[in-house]
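User: I am new to reading protein models and would like to go through this one step by step. Could we start with its pockets and then turn to how its helices pack?

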Amino acid sequence: MAAAALALAAALLLSRSRLSLAGRGWVRLARLMAAAPLLTLAAPPLAFAAGLYVIARALGITDFVAMPALALVNAMMALPFVHRLVDPPMALAQERYGRLADNLGLTGWARLRLVEWPLLAPSAAAAFALAMALSLGDLGVVALFGSQSLVTLPALLYAKLGSYRVAEADGIAALLAGLVLVLFLVAGRFGGRYARRE
(Lines give C-alpha, C1' and ligand atoms only; values in the text may rest on other atoms or scores of the structure.)
Protein backbone atom coordinates (compact mmCIF):
# COMPACT_ATOMS: atom_id res chain seq x y z
CA MET A 1 0.00 0.00 0.00
CA ALA A 2 2.88 2.36 0.77
CA ALA A 3 4.33 1.83 -2.71
CA ALA A 4 0.98 2.57 -4.37
CA ALA A 5 0.46 5.72 -2.29
CA LEU A 6 3.99 6.89 -3.07
CA ALA A 7 3.58 6.27 -6.80
CA LEU A 8 0.23 8.09 -6.87
CA ALA A 9 1.58 11.07 -4.92
CA ALA A 10 4.62 11.32 -7.20
CA ALA A 11 2.46 11.09 -10.32
CA LEU A 12 0.11 13.83 -9.09
CA LEU A 13 3.05 16.06 -8.18
CA LEU A 14 4.66 15.56 -11.60
CA SER A 15 1.38 16.30 -13.40
CA ARG A 16 0.75 19.42 -11.33
CA SER A 17 4.32 20.62 -11.96
CA ARG A 18 4.03 19.99 -15.69
CA LEU A 19 0.78 21.93 -15.97
CA SER A 20 2.19 24.78 -13.90
CA LEU A 21 5.27 25.03 -16.12
CA ALA A 22 3.15 24.89 -19.27
CA GLY A 23 0.90 27.66 -17.90
CA ARG A 24 3.92 29.90 -17.38
CA GLY A 25 5.05 29.39 -20.97
CA TRP A 26 7.92 27.01 -20.23
CA VAL A 27 6.77 24.48 -22.80
CA ARG A 28 10.05 22.63 -23.29
CA LEU A 29 10.57 22.20 -19.57
CA ALA A 30 6.97 20.97 -19.27
CA ARG A 31 7.65 18.35 -21.95
CA LEU A 32 10.73 17.19 -20.06
CA MET A 33 8.62 16.94 -16.90
CA ALA A 34 6.07 14.82 -18.78
CA ALA A 35 8.83 12.43 -19.83
CA ALA A 36 10.33 12.19 -16.32
CA PRO A 37 8.29 9.13 -15.22
CA LEU A 38 9.64 7.20 -18.20
CA LEU A 39 13.15 7.43 -16.75
CA THR A 40 12.28 4.53 -14.45
CA LEU A 41 11.91 2.39 -17.58
CA ALA A 42 15.33 3.49 -18.85
CA ALA A 43 16.95 2.56 -15.53
CA PRO A 44 15.26 -0.66 -14.36
CA PRO A 45 14.05 -0.55 -10.75
CA LEU A 46 15.72 -3.89 -10.06
CA ALA A 47 19.10 -2.35 -10.96
CA PHE A 48 18.33 0.48 -8.52
CA ALA A 49 17.39 -2.11 -5.88
CA ALA A 50 20.66 -3.96 -6.47
CA GLY A 51 22.59 -0.72 -5.95
CA LEU A 52 20.68 -0.05 -2.72
CA TYR A 53 21.40 -3.58 -1.57
CA VAL A 54 25.15 -3.24 -2.18
CA ILE A 55 25.26 0.06 -0.25
CA ALA A 56 23.07 -1.27 2.59
CA ARG A 57 25.16 -4.42 2.89
CA ALA A 58 28.38 -2.42 3.01
CA LEU A 59 26.93 -0.29 5.82
CA GLY A 60 25.42 -3.29 7.59
CA ILE A 61 21.88 -1.89 7.54
CA THR A 62 20.23 -4.38 5.16
CA ASP A 63 17.37 -5.25 7.51
CA PHE A 64 16.76 -1.59 8.36
CA VAL A 65 16.32 -0.44 4.73
CA ALA A 66 14.52 -3.55 3.44
CA MET A 67 10.96 -2.24 3.83
CA PRO A 68 11.66 1.33 2.59
CA ALA A 69 13.58 -0.09 -0.38
CA LEU A 70 10.69 -2.43 -1.19
CA ALA A 71 8.19 0.46 -1.17
CA LEU A 72 10.47 2.82 -3.10
CA VAL A 73 11.41 0.39 -5.86
CA ASN A 74 7.82 -0.80 -6.33
CA ALA A 75 6.68 2.83 -6.53
CA MET A 76 9.34 3.51 -9.17
CA MET A 77 8.18 0.47 -11.14
CA ALA A 78 4.54 1.62 -11.10
CA LEU A 79 5.15 5.36 -11.66
CA PRO A 80 5.06 5.42 -15.50
CA PHE A 81 1.73 3.58 -15.59
CA VAL A 82 0.19 5.57 -12.74
CA HIS A 83 1.26 8.83 -14.36
CA ARG A 84 -0.33 7.86 -17.68
CA LEU A 85 -3.63 7.30 -15.88
CA VAL A 86 -3.75 10.48 -13.79
CA ASP A 87 -2.18 13.02 -16.14
CA PRO A 88 -5.09 13.39 -18.66
CA PRO A 89 -7.81 14.07 -16.03
CA MET A 90 -5.46 16.47 -14.25
CA ALA A 91 -4.99 18.33 -17.54
CA LEU A 92 -8.75 18.33 -18.09
CA ALA A 93 -9.34 19.83 -14.64
CA GLN A 94 -6.77 22.52 -15.41
CA GLU A 95 -8.39 23.27 -18.76
CA ARG A 96 -11.91 23.51 -17.33
CA TYR A 97 -11.38 25.10 -13.95
CA GLY A 98 -7.75 26.23 -13.79
CA ARG A 99 -8.37 29.92 -14.43
CA LEU A 100 -11.26 30.01 -11.96
CA ALA A 101 -9.13 28.28 -9.31
CA ASP A 102 -6.32 30.78 -9.92
CA ASN A 103 -8.73 33.71 -9.56
CA LEU A 104 -10.05 32.25 -6.29
CA GLY A 105 -6.51 31.72 -5.02
CA LEU A 106 -6.90 27.96 -4.61
CA THR A 107 -3.58 26.17 -4.29
CA GLY A 108 -2.16 22.98 -2.83
CA TRP A 109 -4.50 20.63 -0.98
CA ALA A 110 -7.58 22.86 -1.38
CA ARG A 111 -7.14 22.94 -5.15
CA LEU A 112 -6.70 19.18 -5.33
CA ARG A 113 -9.73 18.46 -3.14
CA LEU A 114 -12.17 21.00 -4.59
CA VAL A 115 -11.14 21.37 -8.22
CA GLU A 116 -9.14 18.41 -9.44
CA TRP A 117 -10.29 15.44 -7.36
CA PRO A 118 -13.87 15.14 -8.75
CA LEU A 119 -12.42 14.64 -12.26
CA LEU A 120 -9.37 12.75 -11.04
CA ALA A 121 -10.93 10.23 -8.64
CA PRO A 122 -11.84 7.41 -11.09
CA SER A 123 -8.39 7.44 -12.70
CA ALA A 124 -6.64 7.82 -9.35
CA ALA A 125 -8.52 4.80 -7.96
CA ALA A 126 -7.58 2.71 -11.01
CA ALA A 127 -3.96 3.89 -10.78
CA PHE A 128 -3.78 3.03 -7.07
CA ALA A 129 -5.19 -0.45 -7.72
CA LEU A 130 -2.75 -1.02 -10.58
CA ALA A 131 0.23 0.09 -8.48
CA MET A 132 -0.86 -2.20 -5.62
CA ALA A 133 -1.31 -5.12 -8.01
CA LEU A 134 2.18 -4.55 -9.45
CA SER A 135 3.69 -4.36 -6.00
CA LEU A 136 1.84 -7.49 -4.86
CA GLY A 137 3.37 -9.43 -7.73
CA ASP A 138 6.93 -8.17 -7.36
CA LEU A 139 9.61 -10.72 -6.59
CA GLY A 140 12.77 -8.83 -7.55
CA VAL A 141 13.35 -6.67 -4.46
CA VAL A 142 12.42 -9.44 -2.03
CA ALA A 143 14.93 -11.72 -3.74
CA LEU A 144 17.62 -9.25 -2.66
CA PHE A 145 16.35 -7.99 0.69
CA GLY A 146 14.20 -10.94 1.75
CA SER A 147 14.70 -12.45 5.17
CA GLN A 148 12.67 -14.29 7.79
CA SER A 149 11.15 -10.96 8.82
CA LEU A 150 10.35 -9.87 5.24
CA VAL A 151 8.44 -12.45 3.23
CA THR A 152 5.92 -11.49 0.55
CA LEU A 153 3.28 -13.65 -1.10
CA PRO A 154 5.23 -14.00 -4.39
CA ALA A 155 8.36 -15.04 -2.46
CA LEU A 156 6.33 -17.55 -0.47
CA LEU A 157 4.74 -18.86 -3.67
CA TYR A 158 8.19 -19.28 -5.23
CA ALA A 159 9.45 -21.10 -2.12
CA LYS A 160 6.49 -23.49 -2.11
CA LEU A 161 6.93 -24.24 -5.81
CA GLY A 162 10.65 -24.79 -5.25
CA SER A 163 9.93 -27.38 -2.58
CA TYR A 164 7.22 -29.07 -4.72
CA ARG A 165 4.38 -28.13 -2.37
CA VAL A 166 2.02 -27.55 -5.27
CA ALA A 167 -1.21 -27.59 -3.24
CA GLU A 168 0.08 -24.84 -0.93
CA ALA A 169 1.37 -22.89 -3.94
CA ASP A 170 -2.07 -23.15 -5.54
CA GLY A 171 -3.64 -21.65 -2.44
CA ILE A 172 -1.18 -18.74 -2.38
CA ALA A 173 -1.73 -18.10 -6.09
CA ALA A 174 -5.49 -18.10 -5.56
CA LEU A 175 -5.08 -15.65 -2.67
CA LEU A 176 -2.98 -13.33 -4.85
CA ALA A 177 -5.52 -13.47 -7.67
CA GLY A 178 -8.36 -12.82 -5.21
CA LEU A 179 -6.57 -9.82 -3.72
CA VAL A 180 -6.01 -8.30 -7.15
CA LEU A 181 -9.65 -8.90 -8.10
CA VAL A 182 -10.89 -7.24 -4.90
CA LEU A 183 -8.53 -4.31 -5.47
CA PHE A 184 -9.93 -3.58 -8.92
CA LEU A 185 -13.55 -4.12 -7.84
CA VAL A 186 -13.12 -1.63 -5.00
CA ALA A 187 -11.33 0.82 -7.31
CA GLY A 188 -14.10 0.50 -9.90
CA ARG A 189 -16.80 1.08 -7.28
CA PHE A 190 -14.98 4.07 -5.81
CA GLY A 191 -14.29 5.59 -9.22
CA GLY A 192 -17.83 4.92 -10.42
CA ARG A 193 -19.28 6.81 -7.47
CA TYR A 194 -17.41 9.94 -8.52
CA ALA A 195 -18.12 9.39 -12.22
CA ARG A 196 -21.88 9.38 -11.54
CA ARG A 197 -21.60 12.80 -9.93
CA GLU A 198 -20.31 14.34 -13.18
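User: Which helices each supply at least two residues of the lining of the largest pocket, and which of them gives the largest share?

Analyst: This is a predicted model, and in it the lining of the largest pocket draws at least two residues from each of H1, helix H5 (62-104), H6 and helix H8 (153-162). Among these contributors, the largest share is four residues, and the helix that gives it is H5.

User: What is the volume of the largest pocket, and which residues are closest to its centre?

Analyst: The largest pocket has a volume of about 270 Å³. Its lining is made of 15 residues, and those closest to the centre of the pocket are Met1, Leu70, Asn74, Ser135 and Thr152.

User: How much space lies in the second largest pocket, and which element gives the largest share of its lining?

Analyst: The second largest pocket holds about 190 Å³ of space, and its lining consists of Arg16, Leu19, Ser20, Gly23, Gln94, Asp102, Arg111 and Glu116. The elements that give two or more residues to this lining are H1, H5 and H6. By class, the lining has one nonpolar, three polar and four charged residues. The largest share of it, four residues, comes from H1.

User: How do H1 and H6 pack, and what is the handedness of their crossing?

Analyst: Helix H1 (residues 2-23) packs with helix H6 (residues 108-136) at an angle of about 135°, and their axes lie 9 Å apart. That angle makes H1 oblique to H6. As for handedness, the crossing of H1 and H6 is right-handed.

User: Which residues of H1 meet H6, and how does this contact divide by class?

Analyst: From H1, the residues Ala3, Ala4, Ala5, Ala7, Leu8, Leu12 and Arg16 take part, and the residues they meet in H6 include Leu112, Leu120, Phe128 and Met132. Divided by class, the residues of the contact of H1 with H6 come to 13 nonpolar, two polar and three charged.

User: Why are H5 and H6 described as roughly antiparallel to each other?

Analyst: H5 and H6 pack at an angle of about 170°, with their axes 9 Å apart. Angles over 145 degrees count as roughly antiparallel. The two helices H5 and H6 are therefore roughly antiparallel to each other.

User: At what angle do H1 and H5 pack, and what is the handedness of the crossing in which H1 passes H5?

Analyst: H1 and H5 pack at an angle of about 40°, and their axes are 6 Å apart. The two helices H1 and H5 are therefore oblique to each other. The crossing in which H1 passes H5 is right-handed.

User: How many helices and strands does the secondary structure of the chain come to?

Analyst: From the N terminus on, the elements of the chain run α-α-α-α-α-α-α-α-α, and its C-alpha trace spans about 65 × 40 × 25 Å along its principal axes. The secondary structure therefore comes to nine helices and zero strands, with helices counted as DSSP runs of at least four residues.

Methods. Residues are numbered from 1 along each chain as its sequence is written. This is a predicted model: local features need pLDDT of at least 70, side-chain atom pairs count only at pLDDT 80 or more; totals for chains, interfaces and linings use all residues. Side-chain values use heavy atoms; hydrogens and water are left out. Axes are lines fitted to C-alpha atoms, for helices over the stretch in contact, and angles run from 0 to 180 degrees between N-to-C directions. Angles under 35 degrees count as roughly parallel, over 145 as roughly antiparallel, 65 to 115 as roughly perpendicular and the rest as oblique. A crossing is left-handed if the near helix is turned anticlockwise from the far one by less than a right angle, and right-handed if clockwise. Contact means heavy atoms within 4.5 Å. Ala, Val, Leu, Ile, Met, Phe, Trp, Tyr, Cys and Pro count as nonpolar, Asp, Glu, Lys and Arg as charged, and the others, Gly among them, as polar. On a 1 Å grid over the protein atoms alone, a cavity is a set of points where a 1.4 Å probe fits but cannot get out, and a pocket is an open set with protein on both sides within 12 Å along at least five of seven lines; lining residues have an atom within 4 Å of a point. Grid points are joined across faces, edges and corners, and a volume is the space filled by probe spheres set on the points.
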